Amino acid sequence: MIYPKIALAQSIIEICLAKGITNIIISPGSRNAPLTIGFAQNPNFKCYSIADERCAAFFALGIAQQTKLPTAIVCTSGSALLNYYPAVAEAFYSQIPLIVISADRPQSKIDIGDGQTIRQENVFQNHSVFNANLTEDASVENDLKINKAIETAILQKGPVHINAPFEEPLYETVSQLSVEPKITHSEEILGTKIIENIDDVVSVWNTSKRKLILIGGINEANSVSKEILENFAKDPSIVVLTETTSNLHDPSFINSIDSLITPFDDCDFKELEPEVLITFGGMIVSKRIKAFLRKYKPAHHWHIDTLRAYDTFNALSKHFVMEPEDFFKELLPKTAFVSSKYFSKIDKIYDLRKIRKQEYLRKITFSDFKVFEKVIESLPKNSQLQISNSSAIRYAQLIEIDPSIEVYCNRGTSGIDGSTSTAVGAAVGRSDKQTVFITGDIGFLYDSNALWNSYIPKNFKIILINNGGGGIFRILPGHEEKPVFNTYFETSHQLTAEHLAKMYDLNYFTAKDVASLEKNIAALYNENNTAGILEVFTPTFENDVVLKQYFKELV
């Protein structure tokens, strides 16, 4: 076996291995050479080389999202490290374990005027769950920090930063380890399985005739048992609203929140106003449901999560530090159904909405909305769907998605910057599933370096909806058709993915109407031996009109 000569690098590598951290994404550089040598020469690690650090970090995030295990990213010193920040912030808010290992100059070399000698210690402090600032020599103190970083990433489901100073020479190797690092074992468990003051909770539950359960994004499909979901469905006092990314399903659940509430007037909102709001899962996409719950505040808002509770609606009354499954297993056997028309009233409205939606979709012209209908109905069963941010995830919220399909989106920070890289990483992390990535043109172009790697699976398919700019800004209220809007908000362009596809050896198809869309969706999926892009061109000036009219015709 070949090891780096630098003892500190040996310690980091050996502790990672002992902790089961085996997926390592390395960005080329000089100062991180001791780590690169050690990881890449050890067959126990699966190493990936990705030059663009921003893409590398989101690629790692995608792997961690799917494997549920921490993924390590390794970079050289200086500005390389700063390019990790968008993915670090996303991992922090999406509760995904990410281990950042940065090589650094020795402390004496910082701020003396040499190149790439920025202040690296604690650079992610506002968006990390632990920071291990190591000293140059291998030591028990350093070992404990490395152990603590990895254990915290696992326990708190978030990003950690290990900063390791190395002095030259950097490339020397040895055939024997010179260290025997200390390995610690954490047995700490977050959360509890017991509800405190459960009698009070049961009393509120059993006397409330309007209980609204709002489920955000969940990275683990089937995280709540079928029995609990069926209990929700049978209770006449419960309405369940789910985001597309919740990955929890029941025929009685309302999975298109905006379709339900956008046409509501004040009288309708008062009918939906809950006495008790129960939330779990990640961030909520729907701005309309957030506006509703901030105005029509529930008497009780309970959030269930082992780590954090955001007061999204300015009404949070209780944070249950538990897994949702444990919370409901403890609560439901002690509760009883109450007489209520809450579900039946809302369900009747939603049934009408679904009829109106189908009527509207049958008559609309070729547009973003029509494309999403056709694309989503074509998705292979049991596949993995990755969706980019901005208008793509909002359109996806309006269309029924087959329950066998798992849906993911970077909703921690809701940025467009790494959606493609995350999707590629997720496809690598879950290679047993067909992965489809739906994206808009601006997000795709912004993250085009995501295709600059050698690991894109052959069954990875991109459906790129190109409407010539940032279509989300046409949907938002207040836009005007002026040069300032077109240039600085919408980012109008005439670019396509054709030459990128050719450069990266991807199949490339186009569509400009329903007939070519249906034909080339089939062609995209039939080409099993090569990853591919289907670029769908939609009319820039009609998409927002079609969407806005949809909400008017739901009543």
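These legends describe close-up views of a predicted model.

The model is predicted: local features need pLDDT of at least 70, side-chain atom pairs count only at pLDDT 80 or more, and totals for chains, interfaces and linings use all residues. Residues are numbered from 1 along each chain as its sequence is written, and side-chain values use heavy atoms, with hydrogens and water left out.

**View 1. Domain 1 and domain 3 are in contact.**
The domain assignment of the protein chain gives domain 1 (3-169), domain 2 (198-348) and domain 3 (364-553). Such bounds come from an automatic or database domain assignment. The C-alpha centres of domain 1 and domain 3 lie 32 Å apart. Across the boundary, 21 residues of domain 1 are in contact with 25 residues of domain 3. Contact means heavy atoms within 4.5 Å. Together, domain 1 and domain 3 bury about 1,800 Å². Of this area, 59% is on carbon and sulfur atoms. Buried area is the accessible area (1.4 Å probe) that two parts lose on being put together, summed over both.

**View 2. Ser 94 sits in helix α5 (residues 85-94).**
Helices (H or I, at least four residues) and strands (E, at least two) are DSSP runs, numbered from the N terminus. Ser 94 has a relative accessible area of 18%, so Ser 94 is buried. Buried means under 20% relative accessible area, exposed over 50%, and partly exposed in between (1.4 Å probe, protein chains only). A polar atom of the Ser 94 side chain lies 3.2 Å from the backbone nitrogen of Gly 412. Leaving aside neighbours within four places in sequence, Ser 94 is in contact with Asn 219, Arg 411 and Gly 412.

**View 3. Strand β2 (residues 23-26) is covered on both faces.**
Asn 23 and Ile 25 lie on one side, Ile 24 and Ile 26 on the other, and all are buried. In a regular strand the side chains alternate between the two faces of the sheet. β2 pairs with strand β3 (residues 46-49) in the parallel sense, over 4 bridges. Two strands pair if DSSP finds at least two bridges between them. Ile 25 stands opposite Tyr 48 in β3. From β2 the chain passes through helix α2 (residues 33-40) to β3, in a right-handed β-α-β crossover. Right-handed means that, with the strands pointing away from the viewer, the path from the first strand over the helix to the second runs clockwise. β2 also runs parallel to strand β4 (residues 71-75), joined by 3 bridges. There, the bridge partner of Ile 25 is Ile 73.

**View 4. Strands β14 (residues 384-387) and β15 pair in the parallel sense.**
The pairing spans 4 bridges. Leu 385 stands opposite Val 407 in β15. Glu 406 and Tyr 408 point one way from β15 (residues 406-409), while Val 407 and Cys 409 point the other way. All of these β15 residues are buried.

**View 5. Ile 213 lies in strand β9 (residues 211-215).**
Ile 213 counts as buried because its relative accessibility is 0%. Ile 213 and Val 239 are 26 residues apart along the chain, yet their C-alpha atoms are separated by 6.2 Å. Beyond neighbours within four places in sequence, Ile 213 is in contact with several residues, including Phe 232, Val 239, Leu 241 and Ile 278.

**View 6. Helix α12 (residues 324-331) is largely enclosed by the rest of the structure.**
Why is that said of α12? Because 6 of its 8 residues are buried. They are Pro 324, Glu 325, Asp 326, Phe 327, Phe 328 and Leu 331. The cover over these buried residues includes α7 (198-207), α8 (226-234), β11 (276-280), β12 (300-304) and β13 (318-320).

**View 7. Ser 252 lies in the loop between β10 (238-242) and α9 (257-261).**
Ser 252 counts as buried, because its relative accessibility is 16%. A polar contact of 2.8 Å joins the side chains of Ser 252 and Asp 250. A polar contact is a pair of N or O atoms within 3.5 Å; within protein, one must be able to donate a hydrogen and the other to accept it, and residues adjacent in sequence count only if both atoms are side-chain atoms. Leaving aside neighbours within four places in sequence, Ser 252 is in contact with Ala 233 and Phe 343.
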